[in-house]
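The sequence and structure are shown first.

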Amino acid sequence: MHLSPNNIKEIINSFKSLYTHKRLNSIICYHNRLIVFSFQKEQDVIFINLDNSSPFIFNYQNNLDLVPDTNNFIVELKKYIHKGNLLDIDVIENQRIVKFVFSNTDAFYHHHIYILYIELIPAHANMVLVNENNQIITSYFKDQKRILFKGTIYEIDNSNKLYENDSFNLDEYMSKCSESLANQKLIHHKEKYKVIYRLAKRKEKTLKKKKESIIEEVKLDEYRLNYIEHGKEILSRIYE
């Protein structure tokens with residue numbers, strides 16, 4: 001599911017008007033590099049998948065029912081753009097990079113502009129947050145081949161080779177994305193049930209050991225009881 005800049009622009013244009021000038025209500029991170037943005041008064045959310053082989057972005061209803069994850073990048077992202085207003089979504093010309101522009105206020109009510117670059121480049125997918133001066137604040141991944149240190153100026157990834165996909169169909173793309181989410185949900189539930197199964201087997205072994213221990217204690221008590229009864233019988237004969 002490799003996307004060209006024009007493909008990405010078509011995807012963004014299909015949902016751009018739904019979210020611009022609306023408040024970012026939540027940022028949720030799931031396993032497998034999946035980030036979800038939900039916005040004020042909108043039921044559908046924006047999914048961003050930073051999968052190495054086929055990164056993608058699209059809007060869909062959030063019915064994943066997965067356990068949220070977190071990392072340092074998500075914590076930093078929430079610090080700067082959570083509850084912020086989305087001013088614009090755009091695609092950098094001839095690049096597979098989406099640009100989200102947010103406005104937000106800090107604790108001292110100072111107004112700030114933040115830009116979130118979403119690089120949908122196979123094998124080099126990333127998200128980079130910068131300030132109004134294009135200085136990097138944080139990035140999802142640290143790339144040894146690129147300078148992504150805090151305070152440095154953001155530069156476009158040179159590994160972003162252009163790719164044209166003339167056979168792109170938006171409806172088919174949306175269908176494939178929803179299938180990918182369904183597969184991730186299935187994988188997650190399988191892993192979850194594996195954990196539950198392992199815990200149940202561990203509990204079963206513990207209970208089995210406890211049962212064996214109790215049986216041994218009962219046998220020992222019966223053995224002792226027999227000795228007591230035998231002792232009572234001997235004593236009764238002595239005092240007859």
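## Basis

The model is predicted, so local features need pLDDT of at least 70 and side-chain atom pairs count only at pLDDT 80 or more, while totals for chains, interfaces and linings use all residues. Residues are numbered from 1 along each chain as its sequence is written, and side-chain values use heavy atoms, with hydrogens and water left out.

## Salt bridges

Four salt bridges are found in the whole structure; the term means a side-chain nitrogen of Lys or Arg within 4 Å of a carboxyl oxygen of Asp or Glu. Among them is K9 with E93, whose closest N and O atoms are 3.5 Å apart. K9 lies in helix α1 (residues 5–19) and E93 in the loop between β5 (85–91) and β6, so the pair ties together parts 84 residues apart in sequence. Helices (H or I, at least four residues) and strands (E, at least two) are DSSP runs, numbered from the N terminus.

K16 and D88 form another, at 3.2 Å from N to O. This pair joins helix α1 to strand β5, parts that are 72 residues apart in sequence.

## Positive phi angles

Y109 is not a glycine, yet has a positive phi of about 65 degrees. Y109 sits in the loop between β6 (97–105) and β7 (111–119) and is exposed, with a relative accessible area of 73%. Exposed means over 50% relative accessible area, buried under 20%, and partly exposed in between (1.4 Å probe, protein chains only).

A123, also other than glycine, has phi near 75 degrees. A123 lies in the loop between β7 and β8 (126–131) and is exposed at 53% relative accessibility.
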